[in-house]
Amino acid sequence: MEIKSAEFIISNTDVNKCPQHSMPEYAFIGRSNVGKSSLINMLTGRKGLAMTSATPGKTLLINHFLINKQWYLVDLPGYGYAQRGQSQREKLTRIINDYILERPQLTSLFVLIDSRLEPQKIDLEFIEWLGENSVPFGIIFTKADKLGRSRLMENVNKFLDTLKEQWEELPPHFITSSLNKSGRDDVLDYISSINKSL
Ligand code: GTP
Ligand code: MG
């Protein structure tokens, strides 16, 4: 799929103030610093579209980006940033959960997983919560450039094997690097195929 246009539309903390439209939305969630905003920039080919930082906790709002005037990418705050105080963490959790549960336009959520790490409890619990709430999702492994091929596949397979203990069928999954753009076509083709099926 060719990205002809990518426009920032609005940021907010309230799902009720998100843009009113009937286009599909694809949102990115995952631990703080996993690479959600970088992935949006990589997919759209627009470097500064979503704000990124080496320090966790950069994205604190729901950010809507209109793509090809036909569908939206949504950048969400990260979960599980321990440095933050409890009240701020609870506020972020509410923003994220409200968007995920109360946004009819949300067509598929992508859960980003750092490909360098062993399966993390916080990610597995979050995915379990998605299942309990019947939220359609896919998995995107990030930062694939940081590992050699065999270590990468070892971690990816370990994560998928852990999921298999709970899920009869694995969700769609992708391996990406925002640095070298690997996985870009796979993710965009997947989005495109869903858009066509709607
Ligand atoms: P929050 O908004 O804080 O939740 O973080 P985020 O998930 O949006 O992460 P962000 O995109 O801001 O990236 C965090 C850091 O990881 C930045 O320093 C990025 O440059 C780096 N990063 C993101 N993706 C990749 C990748 O694919 N490869 C490498 N090497 N670094 C990456
Ligand atoms: Mg971010």
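Guide: Before we start, a word on terms: helices are DSSP runs of H or I with at least four residues, and strands are runs of E with at least two, numbered from the N terminus. Please also keep in mind that this is a predicted model.

Visitor: Which helix gives the largest share of the lining of the largest pocket?

Guide: The largest pocket holds about 660 Å³ of space, and 30 residues line it, with Gly-35, Ser-37, Ser-38, Thr-52 and Ser-178 lying nearest its centre. By class, this lining divides into six nonpolar, 16 polar and eight charged residues. The largest share of it, five residues, comes from the helix that spans residues 36–44, namely helix α1.

Visitor: Where is ligand 1 found?

Guide: A molecule is taken to sit in a pocket if more than half of its atoms lie within 2 Å of the grid points of that pocket. By that rule, the space that ligand 1 takes up is the largest pocket.

Visitor: Which residues come nearest to ligand 1?

Guide: The shell around ligand 1 is made up, by class, of four nonpolar, 12 polar and five charged residues. Out of the 21 residues around the ligand, those that come nearest are Lys-36, Ser-38, Lys-58, Asp-145 and Ser-178.

Visitor: How much of the area that ligand 1 exposes when taken alone does the protein bury?

Guide: Several polar atoms of the protein lie beside oxygen atoms of ligand 1: a backbone N or O atom of Val-34 is 3.3 Å from one, a polar side-chain atom of Ser-37 is 2.9 Å from one, and a polar side-chain atom of Thr-59 is 2.8 Å from one. Taken alone, ligand 1 exposes 650 Å², and the share of this that the protein buries is 87%.

Visitor: Which elements give two or more residues to the lining of the largest cavity?

Guide: The count comes to two cavities of 30 Å³ or more, and the largest cavity holds about 40 Å³ of space. Its lining, which includes Ile-113, Asp-114, Asn-155 and Phe-159, divides into four nonpolar, two polar and three charged residues. The elements that give two or more residues to this lining span 106–114 and 149–164, and they are β5 and α4.

Key:
Residues are numbered from 1 along each chain as its sequence is written. Chains are lettered from A and ligands numbered from 1 in the order in which they are written. This is a predicted model: local features need pLDDT of at least 70, side-chain atom pairs count only at pLDDT 80 or more; totals for chains, interfaces and linings use all residues. Side-chain values use heavy atoms; hydrogens and water are left out. A residue is near a molecule or strand if one of its heavy atoms lies within 4 Å of it. A polar contact is a pair of N or O atoms within 3.5 Å; within protein, one must be able to donate a hydrogen and the other to accept it, and residues adjacent in sequence count only if both atoms are side-chain atoms. Accessible areas come from the Shrake-Rupley method with a 1.4 Å probe; for residues, only the protein chains shown count as cover. On a 1 Å grid over the protein atoms alone, a cavity is a set of points where a 1.4 Å probe fits but cannot get out, and a pocket is an open set with protein on both sides within 12 Å along at least five of seven lines; lining residues have an atom within 4 Å of a point. Ala, Val, Leu, Ile, Met, Phe, Trp, Tyr, Cys and Pro count as nonpolar, Asp, Glu, Lys and Arg as charged, and the others, Gly among them, as polar. Grid points are joined across faces, edges and corners, and a volume is the space filled by probe spheres set on the points.
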